[in-house]
Amino acid sequence: MSPSETSACEDLKAFERRLTEVVACLQPPTLRWRLLLGVTSLMTIVGAFYWLTDPRTSIVPLVESLLNHSIFTISTIVLLILFVFGIHNLVIAPHIITTRTKNVLAEFNMSCDETGKLIVRPSRPTNNSRYMDVT
């Protein structure tokens, strides 16, 4: 291998190491955000069930009904705040990074998996028959 090919290979390895490091570092926070979103969603669903099955819900005013079902009210407010602050992006952060990296690498006939490992695709054969003189 020529020195330029060796340098390119080392650059690819360094890029792959850095990409896998970034994706791996995002996994623990992503798991925590997913757990928080899951627990908050579950609390909202359970609270909504109790709120809707309460026979007094249709009789009392809405504000009083929401104050009677504080778990539903608080979990709904927390869920809305989480979405306003972008939990939907934090939950899928590693996927966003790998998808954007795949889009960039596609131009170089490469890709990556969900962990950040590079995938080098074989070169596509070019159709040189149109340049050949057929006699």
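Modeller: Gladly! A disulfide here is a pair of cysteine sulfur atoms within 2.5 Å. Please keep in mind that this is a predicted model.

Biologist: By this rule, how many disulfides does the count come to?

Modeller: A pair has to have its sulfur atoms within 2.5 Å to qualify. Cys 9 is in no disulfide, as the nearest cysteine sulfur, that of Cys 112, is 17 Å away. By this rule the count comes to 0 disulfides.

Biologist: Why is the sulfur of Cys 25 too far for a bond?

Modeller: The cut-off for a disulfide is 2.5 Å between the sulfur atoms. For Cys 25, the closest cysteine sulfur belongs to Cys 112, and that is too far for a bond because the distance is 16 Å.

Biologist: Is Cys 25 buried or exposed?

Modeller: Let us go by relative accessible area, where exposed means over 50%. Cys 25 has a value of 53%, so this residue is exposed.

Biologist: Now to the charged pairs: how many salt bridges does the structure hold?

Modeller: A pair counts if a side-chain nitrogen of Lys or Arg is within 4 Å of a carboxyl oxygen of Asp or Glu. Glu 21 and Arg 18 form one of these pairs, at 2.8 Å from N to O. Counted this way, the number of salt bridges in the structure is 3.

Biologist: In which helix do Glu 21 and Arg 18 both lie?

Modeller: These two residues are 3 residues apart, about one turn of the helix. Glu 21 is partly exposed at 41% relative accessibility, and Arg 18 is partly exposed at 48%. The helix, covering residues 3-53, is α1.

Biologist: Arg 56 and Asp 54 also meet in a salt bridge. Is Asp 54 buried or exposed?

Modeller: The N to O distance in this pair is 3.6 Å. Arg 56 is partly exposed, with a relative accessible area of 46%. Buried means under 20%; at 15% relative accessibility, Asp 54 therefore counts as buried.

Biologist: And how many residues apart in sequence are the parts tied together by Lys 102 and Glu 114?

Modeller: Lys 102 forms a salt bridge with Glu 114, with the closest N and O atoms 3.4 Å apart. Lys 102 sits in helix α5 (residues 93-105), while Glu 114 is in the loop between β1 (110-112) and β2 (118-120). The pair therefore ties together parts whose separation in sequence is 12 residues.

Notes. Residues are numbered from 1 along each chain as its sequence is written. This is a predicted model: local features need pLDDT of at least 70, side-chain atom pairs count only at pLDDT 80 or more; totals for chains, interfaces and linings use all residues. Side-chain values use heavy atoms; hydrogens and water are left out. Buried means under 20% relative accessible area, exposed over 50%, partly exposed in between (1.4 Å probe, protein chains only). Helices (H or I, at least four residues) and strands (E, at least two) are DSSP runs, numbered from the N terminus.
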